[in-house]
Amino acid sequence: QVQLAESGGGLVQAGGSLRLSCVASGRTFSSYAMGWFRQAPGKGREFVARINWNSGDPYYSDSAKGRFTISRDNAKNTVYLQMNSLKPEDTAVYSCARKSAPSQAYDSWGQGTQVTVSS
């Protein structure tokens with residue numbers, strides 16, 4: 001079992017930046033990839049980015065490309081999401097999740113952190 005805890009959310013003006021962190025504890029050595037998702041009010045969960053735990057290879061949604069950067073620090077069991085040039089439509093609860101294998105669904109989720117971008 002892996003436990004995930006996000007932090008770093010807050011209120012920021014459009015054009016600003018935030019860095020989210022996700023600390024993993026437990027059986028982290030068995031992780032294949034870590035992902036960031038978001039859910040805006042009244043909308044479904046949306047994939048934002050993921051990173052391969054061992055290789056560090058990233059993958060982004062179209063909405064995140066060029067503005068967001070996902071990274072990880074294996075020694076700290078932490079995944080980051082650097083968000084730049086934020087827009088009001090980026091307002092959502094951001095959650096991190098863990099995938100144990102390429103063919104598996106994300107099976108561990110954090111509680112999320114609120115990001116609010118004002119215009």
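**Figure 1. Strand β4 pairs with β9.** The two strands run antiparallel and are joined by 7 bridges. Strands pair here if DSSP finds at least two bridges between them. Strands (E, at least two residues) and helices (H or I, at least four residues) are DSSP runs, numbered from the N terminus. Trp 36 stands opposite Cys 96 in β9. β4 is mostly covered, with 6 of its 7 residues buried. Buried means under 20% relative accessible area, exposed means over 50%, and partly exposed lies in between (1.4 Å probe, protein chains only). The model is predicted: local features need pLDDT of at least 70, side-chain atom pairs count only at pLDDT 80 or more, and totals for chains, interfaces and linings use all residues. Residues are numbered from 1 along each chain as its sequence is written, and side-chain values use heavy atoms, with hydrogens and water left out.

**Figure 2. β4 also pairs with β5, in a hairpin.** β4 and β5 run antiparallel, with 7 bridges joining them. Met 34 has Ile 51 in β5 as its bridge partner. Between the two strands of this hairpin lie 5 residues. In the turn, Gly 42 has a positive phi of about 75 degrees.

Figure 3. A disulfide is a pair of cysteine sulfur atoms within 2.5 Å. The count by this rule is 1. The bond joins Cys 22 to Cys 96, with an S to S distance of 2.0 Å. Cys 22 sits in β3 (residues 18-26) and Cys 96 in β9 (residues 92-99), so the pair ties together parts that are 74 residues apart in sequence. The torsion about the S-S bond of Cys 22 and Cys 96 is about 60 degrees, so this disulfide is right-handed. Both Cys 22 and Cys 96 are buried.

**Figure 4. An open sheet has 4 strands.** The strand order is β1-β3-β8-β7, with antiparallel pairing. β1 and β7 are the edge strands, each pairing on one side only. From one strand to the next, the twist averages 15 degrees. (Axes are lines fitted to C-alpha atoms, for helices over the stretch in contact; angles run from 0 to 180 degrees between N-to-C directions.) Inside the sheet, β3 and β8 pair in the antiparallel sense over 6 bridges. Arg 19 stands opposite Gln 82 in β8. In a regular strand, side chains alternate between the two faces of the sheet.

**Figure 5. The largest nonpolar core has 27 residues.** Such a core is a set of buried Ala, Val, Leu, Ile, Met, Phe, Trp, Tyr and Cys residues joined through side-chain atoms within 4.5 Å. Trp 36, Leu 81, Met 83 and Tyr 94 have the most contacts inside this core. Several strands supply at least two core residues each, among them β1 (2-7), β4 (33-39), β8 (78-83) and β11 (113-118). The largest share, 4 residues, comes from β3. Beyond its neighbours within four places in sequence, Met 83 is in contact with residues including Leu 18, Leu 20, Phe 68, Tyr 94 and Val 115. Contact means heavy atoms within 4.5 Å.

**Figure 6. The whole chain has 11 strands and 0 helices.** Its C-alpha atoms fill a box of roughly 40 × 25 × 25 Å, taken along the principal axes. A compact globule of 119 residues would have a radius of gyration near 14 Å, and the chain's 13 Å agrees. (The radius is taken over C-alpha atoms; the globule rule is 2.2 Å times the number of residues to the power 0.38.) Buried residues make up 43% of the 119 residues. Among contacts with a separation of 6 or more, 52% are between residues 24 or more positions apart.
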